[in-house]
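Visitor: Could you walk me through this one? I'd like to go from the whole chain down to a few details.

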Amino acid sequence: MNNQNFSDEMSLKNSIESPGSTSQGFSGNGGSVVEEDAAQSCTGDGKSSPKYGFSVGDSGYKVMDRGGRIRCSFQDMGVNTRQTMAHVKNAKTGSSGIPVKIITNLFGLWLPKDWQLYQYRVEFSPELESRRLRLALLYSHPKFQLKAKAFDGATLFLTEKLESHVTELSCETRRGETVKITVTLIHQLPPSSPACIQVLNIIFKKILKKLSMYQIGRNFYNPSDPIEIPQHKLTLWPGFAVSVGHFESRVMLCADVSHKVLRNENVLEFMTSIYNSMDMARVAETCEKELLGLIVLTRYNNKTYRIDDIEWSVKPTDTFQKRDGTQISYEDYYKQQYDITVSDLNQPMLVSQLKTKRGSSTVEPRVALLVPEFCFLTGLSSRATSDFRLMKDLAQETHLTPQSRQQRLSRLADSIQRNQDARLELETWGLQLGCQASLTGRVVTTEKILMRDVIMPMSAGDWFRDMRNAKVMGAVPLENWLMVYSNRNAELDHNLMQCLRRVGGPMGFRVEYPKVLQVPEGPLAFVRALRQHVNPELQLVLCVLPQSQKDSYDAIKKYLTLEHPVPSQCVLARTLSKQGMMMSVATKIAMQIICKLGGELWAVDIPLKSLMVVGIDINKDAVSKSSVVGFVASTNVKLSRWFSRCVLQKSGTNVADCLKICLEGALSHWQKCNGHFPARIIVYRDGVGDGQLKMVVDYEVPQLLSVISECSPAHRPKLSVIVVRKRCLLRFFTEANNSLQNPPIGTVIDTEATRPEWYDFFLISQLARQGTVNPTHYNVVYDDNGLKPEHMQRLTYKTCHLYYNWTGLIRVPAPCQYANKLTFLVGQSIHQEPSLELADKLFYL
């Protein structure tokens, strides 16, 4: 692969170009369809459409939007929630637990004592429409040539203050026209300000580029050092994700290892395999179903695109009009521009819709036409992720041990220090990369699992073996149920029934013989049988499916959650045919059935006796793309029974606007079960993306408070809202036996790596059997419960024990995972709001 073919992906993403650079490209079909190079091109005569976004030096990276608005990924930094909570204003750390030394993937970033950014407004007279010309004139002026700077055509950042508050300069264009430049100081910004943090992030992106890495999405990868997995036709590009942030006491760089998965299969080969495997009449429909929405990589320029459509009528031999007015075919263009040859001249073209240029007056959609032969699929298909062998081989390369991860991070730091260009970039801005930061964490006390007897788990991360001979907290006898299976699975059905009765006894779960129904093969056979035999008295329907057919599964779930609400359990025949695994499988199925009947498996000690815990998550509906909001709330003091509600929103955003009706339903159900309202409500909000923290504080929290305010003052619950983030760059290691290992389960980090403006902490609650553990970040954005920080941390840790679909700890509180499972079922299979008759049962496990 020729690295000369790679170009800066950010120039497409953000429509930013370096001053003085040129672009070539073409447009076709009247300009409505363009190749991405043409989308970037602009002439040097000052007539291009204005584009906005700071660029650092000549790197072309966007810093912020027009008018100085912070980009969404940095908006969370401006949300200071801690100042509103009196009980954590001075201290937000806990004290209980065993201290443990933690090594992080944070690197100190040393700045001069009085380092700051000076923000200037820049005006040109006469006014210049071309942003590119404005950049070129400012960069070329002797006043700024040797200075570290960030400029977007209107606002300038400097690390050195100019002599005067207002500086007037003049310069000439290539045409000899005199232009007056007026530079006015408007702000002095400390290193902790969001604008400064953004500039620092852009600087490090530029540094990674100087290390011969290429940006794909947010991360940087090294295509010159690929990892091949030939048995699965996969290639991994190793790389890094980096982010500069202001932590408790200083600015630091966070770096983590990343991998980009590429399939060694281009789209043409994928389409050909479909063509060879089915009737011609279904090829186009199947190709569109399989390909639309996927991300592809064009290796000739190292850019990624989403496939939005397939243009079956356009071929590589078709021509289009270039900017100079000449006609050229797609085939010849790729040969001239990239020296690559199209082998199949009859293949259709892929259509990818590009982002509209900021500030552009063009109303026509900007799209790129791509040759399938040159587009390589990225990521993994659903079929691939269900391939155990493939995922195991992939995990061996991507799931790095703490020691291996640390070695890669050390090599990155060394590369930055040894590379002359990278080091010069740091020095120009007055920066110095320091050593990795270490801190002190705490390991909280191990929890006891409460069943009908008290059990200390053999393993703090997994107590499945303990479950086999221990009675669950409470189980409803299974007396009236229906078992449906296909003709060829009669023996498997009989074995499952016997095993369920055998494992149920020791667990305290009585299982009677079911009504058995044998149906013929076929995706609709199960639903036809259910329509004839399901009645309101049934407790459960268990279906043994002959094969993994999504249509059949979806039809069963739709019927039994919408038309005739009855808890259901679907089992694949191949799961029941595993030799020597039947008792283990039956135990897990029995546990799920107990939950779906409204039973309780285990509990942990909850000191707060009138507490409701809520989990909220949002996913997208696979068909309508609308938002699916999952709301799951506890209904008893042991946090072992749950009320579940799912609402579909047409907006398609990650904003929940249905929380009032959901909380009202949960409080009504709690009162029905307990005779009074809970004294405290703690809400865990999962699924919050970058830049959405303010939305939770300003829009979602008031919805919850409006419900509470309607309660009488004597029975008004106190509320806490905690944002849960599973995806974070931070990693933590402990040192043992001259090597790095994962921290123990129950490790809490609430110093150094947290943010000063937030009441936040990290918790490691899951057992990582392979690779490096991912900590979960918790940010308390509203709190009038007034619990001590260590009590909030301990309570959060306790809720991670209560997910009944896994006999062990999970990485998020149980109600969050329940809400995630609920939204997944609705978004993938039933696409409607489930019947409220099932709201008091975990029917979606």
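**From the whole chain to single residues**

Guide: Of the 845 residues in the chain, 56% count as buried, and please keep in mind throughout that this is a predicted model.

Visitor: How many helices and strands does the chain have?

Guide: The secondary structure of the chain comes to 21 helices and 39 strands. If we take the contacts between residues at least 6 apart in sequence, 72% of them join residues at least 24 apart.

Visitor: Let's look at helices, then. At what angle do α14 and α15 cross?

Guide: Helix α14, which covers residues 525–533, and helix α15, which covers residues 550–563, cross at roughly 20°, and their axes come within 8 Å. Angles under 35 degrees count as roughly parallel, so α14 is roughly parallel to α15. The crossing of α14 and α15 is right-handed.

Visitor: And which residues meet there, between α14 and α15?

Guide: From α14 the contact involves F526, V527, L530 and R531, and these meet S552, A555, I556, Y559, L560 and E563 of α15. Sorted by class, the contact of α14 with α15 holds seven nonpolar residues, one polar residue and two charged residues.

Visitor: What about α10 and α11, are they roughly parallel or roughly perpendicular?

Guide: The axes of α10 (residues 402–418) and α11 (residues 420–428) cross at roughly 80° and come within 5 Å. The range from 65 to 115 degrees counts as roughly perpendicular, and α10 and α11 are therefore described as roughly perpendicular to each other. In this contact, I416, Q417 and R418 of α10 meet Q420, A422, R423 and L426 of α11, and the residues divide into three nonpolar, two polar and two charged.

Visitor: Switching to sheets: in what order do β17, β20 and β21 lie?

Guide: These three strands form an open sheet in the order β17-β20-β21, with antiparallel pairing. The edges are taken by β17 (309–311) and β21 (367–370), each of which has a single partner strand, so one side of each is left without a neighbour in the sheet. On average, and ignoring direction, neighbouring strands of this sheet are turned by 30° against each other.

Visitor: Now β35. Which strands does it pair with?

Guide: One partner is β4 (residues 98–110), which pairs with β35 (residues 732–736) in the antiparallel sense over two bridges, and here I103 stands opposite F733. Another is β36 (residues 739–741), which is also antiparallel to β35 and pairs with β35 over three bridges; in that pairing E735 stands opposite L740.

Visitor: Which residue takes a positive phi in the hairpin of β35 and β36?

Guide: That residue is N737, with a positive phi near 55°, in a hairpin that has two residues between the strands.

Visitor: Last one, a single residue. Is H141 buried or exposed?

Guide: H141, which lies in the loop between α3 (131–140) and β6 (149–151), has a relative accessible area of 12%, and because buried means under 20%, H141 counts as buried. Leaving aside the neighbours within four places in sequence, H141 is in contact with L169, S170 and C171.

Key: Residues are numbered from 1 along each chain as its sequence is written. This is a predicted model: local features need pLDDT of at least 70, side-chain atom pairs count only at pLDDT 80 or more; totals for chains, interfaces and linings use all residues. Side-chain values use heavy atoms; hydrogens and water are left out. Axes are lines fitted to C-alpha atoms, for helices over the stretch in contact, and angles run from 0 to 180 degrees between N-to-C directions. Helices (H or I, at least four residues) and strands (E, at least two) are DSSP runs, numbered from the N terminus. Angles under 35 degrees count as roughly parallel, over 145 as roughly antiparallel, 65 to 115 as roughly perpendicular and the rest as oblique. A crossing is left-handed if the near helix is turned anticlockwise from the far one by less than a right angle, and right-handed if clockwise. Contact means heavy atoms within 4.5 Å. Ala, Val, Leu, Ile, Met, Phe, Trp, Tyr, Cys and Pro count as nonpolar, Asp, Glu, Lys and Arg as charged, and the others, Gly among them, as polar. Two strands pair if DSSP finds at least two bridges between them. Buried means under 20% relative accessible area, exposed over 50%, partly exposed in between (1.4 Å probe, protein chains only).
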